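Here are my notes on the model you sent over.

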Amino acid sequence: MTRSLAAADLMALEAEVVAALEAQDPSSLPVLGFGELSVALAWPVDEPRFACKRTPPFTPAQFNQYQALVDDYVGTLREAGIGVIDTNVRSVESGDRLIGYLVQPLLAKESLGNNVLAASDPDPDHPFLAALGQAIATVSDKLSIDAQVTNWSWDDTELTLLDVGTPFMWNDDGTSRIDMKPFLPMIPALLR
């Protein structure tokens, strides 16, 4: 269960990240992958059991809003019939800010969508792709998903969404429900 990651472990992971940032050298970090806005880290280093996706710094109010939105997103996706990995939104203090982490159980590499497809003969009717197509069909004017194959796992019968860090949910007026202000500094200046 994701809640079993101790607060001390999360603080130790953040200390490793801070040290790597200060040294401008990520080579000591247990990186699972880099996303557009976050990095996924394995923890603990010796016997990884968790994937911990780091967010930008938030004010406490921003963090509470973000945590509630991610929880709402996961619940809404599950209600729509989409499998979502257990996700626990946690934080560690950094001065007057909170660094968020999305803590999830670490899955086998072979179950990740891109690895599932790489290990298979090319087939447009592959069960993973068929299930992904069904998941995409749940998209509406208020709910969407990132259909990139690396954001999903497949166990030969069940499709599970891994990337819930950027909840794709919209208000009635079509505006995004996520406050992107904390994320903007992570986007290259030219793209901002």
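1. First, the terms for holes. On a 1 Å grid over the protein atoms alone, a cavity is a set of points where a 1.4 Å probe fits but cannot get out, while a pocket is an open set with protein on both sides within 12 Å along at least five of seven lines; a lining residue has an atom within 4 Å of a point. Points are joined across faces, edges and corners, and a volume is the space filled by probe spheres set on them.

2. Some ground rules. This is a predicted model, where local features need pLDDT of at least 70 and side-chain atom pairs count only at pLDDT 80 or more, though totals for chains, interfaces and linings use all residues. Numbering starts from 1 along each chain as its sequence is written, and side-chain values use heavy atoms, with hydrogens and water left out.

3. Now the cavity. One cavity of 30 Å³ or more turns up in the structure, and the largest cavity holds about 60 Å³ of space. Its lining is made of Phe 58, Gln 62, Gln 65, Tyr 66, Leu 69, Arg 177, Ile 178, Asp 179 and Pro 182. Helix α2 (residues 60-79) gives the largest share, four residues. (Helices, H or I of at least four residues, and strands, E of at least two, are DSSP runs numbered from the N terminus.)

4. Along with Phe 183 it makes a tilted aromatic pair, 5.8 Å centre to centre and 55 degrees between the planes. Since Tyr 66 sits in helix α2 and Phe 183 in the segment after β8, the pair ties together parts 117 residues apart in sequence. The whole structure has six aromatic pairs. Rings of Phe, Tyr and Trp (its six-membered ring) pair if their centres lie within 6.5 Å; planes under 30 degrees apart are stacked, over 60 edge-to-face, and the rest tilted.

5. Next, the largest pocket, at about 1,000 Å³. Gly 35, Ala 40, Lys 53, Asn 151 and Asp 163 are the closest to its centre among the 42 residues that line it. Two or more lining residues come from each of β1 (31-34), β2 (39-43), β3 (50-58), β6 (97-105) and α3 (113-118). The largest share, five residues, belongs to β3.

6. What about the second largest pocket? Its space is about 310 Å³. Of its 18 lining residues, Val 17, Leu 21, Phe 34, Val 39 and Arg 54 are the closest to the centre. The elements giving two or more residues here are α1 (7-23), β1 and β3, and β3 provides the largest share, four residues.

7. On to a sheet. Three strands form an open sheet in the order β4-β8-β7, with mixed pairing; strands pair if DSSP finds at least two bridges between them. β4 (83-84) and β7 (152-154) are the edge strands, each pairing on one side only. β4 runs parallel to β8 (residues 159-161) over two bridges, and Gly 83 stands opposite Thr 160 in β8.

8. Two backbone spots to check. Trp 43 and Pro 44 are joined by a cis peptide bond, with omega about -10 degrees; Pro 44 is in the loop between β2 and β3. Gln 24, in the loop between α1 and β1, has a positive phi near 55 degrees although the residue is other than glycine.
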